[in-house]
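Subject: Structure handover

Hello,

I am passing on the structure we spoke about. Please look through it below; my notes on what was found follow.

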Amino acid sequence: MVVESIDLKNFRNYEILNINFDSNVNIIYGDNAQGKTNILESLYLCSTSKSHRGSKDKEIIKLGTSEAHIKVNVKKNGINYRIDMHLKHGKSKGIAINGIPIRKAVELFGIINIVLFSPEDLNIIKNGPSERRRFMDMELSQLDKIYLSNLVNYNKVVNQRNKLLKDISFNPSKESLETLDIWDIQLVKFGKEIIKGRVRFINQLNEIVADIHSKLTGGKEKLEIKYIPNVSEDNFYENVSESRDRDLRYKVTNVGPHKDDLVFYINGQDVRKFGSQGQQRTAALSLKLSEIELVKIIIKDTPILLLDDVLSELDSNRQNFLINSIGDIQTIITCTGLDEFINSRIDVNKIFRVVNGQVFDYKEED
Ligand SMILES: Nc1ncnc2c1ncn2[C@@H]1O[C@H](COP(=O)(O)OP(=O)(O)OP(=O)(O)O)[C@@H](O)[C@H]1O
């Protein structure tokens with residue numbers, strides 16, 4: 001798939017912007033803090049309704065203004081889609097697909113398929129389990145609408161159940177405990193679907209990631225991803241029942257896929273605990289490259305690849321591998337200098353220069 005254009009109004013440091021992309025390799029370059037990542041963020045927002053930086057709407061709207069607009073035109077499997085997004089202080093997002101407003105932001109998922117690779121992806125390997133759950137959820141939600149719907153319901157149930165656990169601690173009653181029984185059944189119902197989706201996703205990723213990682217490391221390393229569910233599907237209900245006293249004591253839900261984790265093994269060793277920084281970075285790269293392949297298989301089109309300031313972090317072998325993997329995928333690369341491209345390992349189709357919230361087509365004399 002291809003993003004043809006992005007229009008921004010009062011978005012971050014852009015008062016007004018229209019940018020038309022090439023269907024192959026696009027470079028957005030400029031000094032720090034000029035607005036490169038902001039452009040990628042606007043596209044990510046139209047893909048998932050959320051900022052990849054976890055920013056709130058009020059942080060995204062240009063300072064001193066009250067509303068922001070994004071318009072994105074994409075072409076997927078030969079069909080044109082236009083996404084309009086309207087952000088306003090104190091209001092939820094207004095979103096329209098091809099001019100038709102949608103009621104819930106989740107309806108947006110799956111139209112624009114993006115694989116974003118940024119230096120923060122190292123956190124998936126290095127940081128705590130919530131980063132890995134977020135990774136699974138964001139990727140799966142883009143590819144599987146049923147998973148997304150189960151996830152939304154599951155999260156609601158966990159929140160409601162936690163609220164009830166708190167209420168019971170103030171005011172224990174027979175009715176409240178009966179309501180808790182109902183939430184337990186819902187927790188297990190939606191939770192089992194989450195576990196199934198994650199098992200399937202990690203199995204699919206494993207079929208792809210080992211080969212990519214082996215090629216990236218000249219055959220020296222075998223990467224394997226292991227899904228560590230907090231509870232098995234078969235014992236889910238029993239474990240929730242057994243945990244009830246503990247849940248009431250701590251006033252939170254202790255059992256369920258909201259506590260799952262993943263472990264990345266390189267040659268049988270947990271890379272989070274024993275891997276070098278370089279090995280962790282390579283594992284993150286393998287993961288992203290696998291995602292591209294998985295998206296291709298599932299949507300029968302290519303995703304849009306966003307590389308946010310990552311090339312300079314990779315050694316030349318890994319840079320070459322990444323560049324060779326781009327192939328026919330539309331790619332938007334942000335960077336602070338053009339040297340690595342002028343040294344010309346990569347065919348660049350369009351270059352944009354960003355200066356303080358303004359975008360210029362690159363000319364040689366720049
Ligand atoms: N709501 C906002 N209103 C106005 N300007 C904003 C807003 N949010 C961020 N900015 C500005 O956007 C700029 C940062 O943009 P961005 O994150 O895209 O930088 P970048 O070019 O990718 O930089 P780097 O190379 O450092 O990552 C900063 O100048 C910041 O002050």
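I begin with a loop residue: lysine 300 sits in the loop that joins helix H10 (277–299) to strand S12 (304–308). Helices here are DSSP runs of H or I with at least four residues, strands are runs of E with at least two, and both are numbered from the N terminus. Lysine 300 has 9 other C-beta atoms within 10 Å, so it is exposed. The cut-offs are these: a residue with 20 or more other C-beta atoms within 10 Å of its own is buried, one with 12 or fewer is exposed, and one in between is partly exposed, with C-beta atoms placed from the backbone. The phi of lysine 300 is near 55°, a positive value in a residue other than glycine. Most residues other than glycine have a negative phi.

Before going further, two points on the source. This is a predicted model, in which local features need pLDDT of at least 70 and side-chain atom pairs count only at pLDDT 80 or more, while totals for chains, interfaces and linings use all residues. Residues are numbered from 1 along each chain as its sequence is written.

Positive phi

Asparagine 10 also has a positive phi, near 50°, and is a residue other than glycine. Asparagine 10 belongs to strand S1 (residues 2–11). It counts as partly exposed because it has 19 C-beta neighbours inside 10 Å.

The chain overall

The protein chain contains 12 helices and 15 strands. Along the principal axes, its C-alpha atoms fill a box of roughly 75 × 55 × 35 Å. Of the 366 residues in the protein chain, 36% are buried. Among contacts with a separation of 6 or more, 70% are between residues 24 or more positions apart. Contact here means that the C-beta atoms of two residues, placed from the backbone, lie within 7 Å.

The ligand

Which residues are closest to the ligand? They are Asn13, Asn32, Lys36, Thr37 and Asn38, in a shell of 18 residues. A residue is near a molecule or strand if its C-beta atom, placed from the backbone, lies within 6 Å of it. Helix H1 (36–48) and helix H2 (57–60) each supply at least two residues of this shell. H1 gives the most, with three residues. By type, the shell divides into four nonpolar, nine polar and five charged residues. For this count, Ala, Val, Leu, Ile, Met, Phe, Trp, Tyr, Cys and Pro are nonpolar, Asp, Glu, Lys and Arg are charged, and the others, Gly among them, are polar.

Lysine 58 lies in H2. With 13 C-beta neighbours inside 10 Å, lysine 58 is partly exposed.

Helices H4 and H5

Helix H4 (residues 129–143) packs on helix H5 (residues 145–170) at an angle of about 130°, and their axes are 6 Å apart. That makes H4 oblique to H5. Axes are lines fitted to C-alpha atoms, for helices over the stretch in contact, and angles run from 0 to 180 degrees between N-to-C directions. Under 35 degrees is roughly parallel, over 145 roughly antiparallel, 65 to 115 roughly perpendicular, and the rest oblique. On the H4 side Asp137, Leu140 and Ser141 take part, and they meet Tyr147, Leu148 and Leu151 in H5. The residues of this contact are four nonpolar, one polar and one charged.

Asparagine 206 is in helix H6 (residues 174–216). Asparagine 206 has 15 other C-beta atoms within 10 Å and is partly exposed. Not counting residues up to four places away in sequence, asparagine 206 touches Glu224 and Ile225. Its C-alpha atom is 8.4 Å from that of leucine 223, 17 residues away along the chain.

Lysine 196 is in H6. Its C-alpha atom is 10.0 Å from that of serine 232, 36 residues away along the chain.

Glycine 218 lies in the loop between H6 and strand S9 (223–228). With 8 C-beta neighbours inside 10 Å, glycine 218 is exposed.

Regards
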